[in-house]
Amino acid sequence: MNEYLKYLDDSVEKLRREEGELAATHRKDEANLMKIRINIYGICKTVFEVISRQESGEQLREKYLAKLEETLTNWKISKEKAKQHEDVEKIVTETIKLETIEEIKEKFNKLWRAGQ
């Protein structure tokens, strides 16, 4: 799935540019949120590459999506704990992580279907 890896790389490049622009205009908090998004794209790419070395076809898709779901579940739990402790910064961080991984998952599914 070269298209998927290209999407991840292109997204990281775009986010890095945005992060740089935000930092240059003294919008450090927003720049830090971009860094979180960049990290999530990197995690997804690494996980995909590791699984794709061991699996292909439908097995690759199933294992990758299962790993994304596991990650989503863990982050949802973390967000709920942050809510219980009224940790606003952690809530924002976990929300960004959840939104980003959902976007990535949606794009993966779209590209996978297009490739079939």
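**Notes on the aromatic core**

1. Tyr 4 and Tyr 64 are both buried (under 20% relative accessible area with a 1.4 Å probe, protein chains only; exposed is over 50%, partly exposed in between). For Tyr 64 the relative accessibility is 0%, so that residue counts as buried.

2. A word on the model: it is predicted, with local features needing pLDDT of at least 70 and side-chain atom pairs counted only at pLDDT 80 or more, while totals for chains, interfaces and linings use all residues. Numbering runs from 1 along each chain as its sequence is written, and side-chain values use heavy atoms, leaving out hydrogens and water.

3. Now the rings. Those of Phe, Tyr and Trp (its six-membered ring) pair if their centres lie within 6.5 Å; planes under 30 degrees apart are stacked, over 60 edge-to-face, the rest tilted. That rule gives nine aromatic pairs. Tyr 4 and Tyr 64 sit 5.7 Å apart, centre to centre, with planes at 75°, so they are edge-to-face. Tyr 4 belongs to helix α1 and Tyr 64 to helix α3, 60 residues apart; helices are DSSP runs (H or I, at least four residues), numbered from the N terminus.

4. Phe 48 also pairs edge-to-face with Tyr 64, at 5.2 Å between centres and 85° between planes. Since Phe 48 is in helix α2 and Tyr 64 in helix α3, this pair ties together parts 16 residues apart in sequence. Phe 48 counts as buried because its relative accessibility is 3%.

5. Beyond its neighbours within four places in sequence, Tyr 4 contacts Cys 44, Phe 48, Tyr 64, Ile 104, Phe 108 and Leu 111 (contact: heavy atoms within 4.5 Å).

Note on methods. Helices (H or I, at least four residues) and strands (E, at least two) are DSSP runs, numbered from the N terminus.
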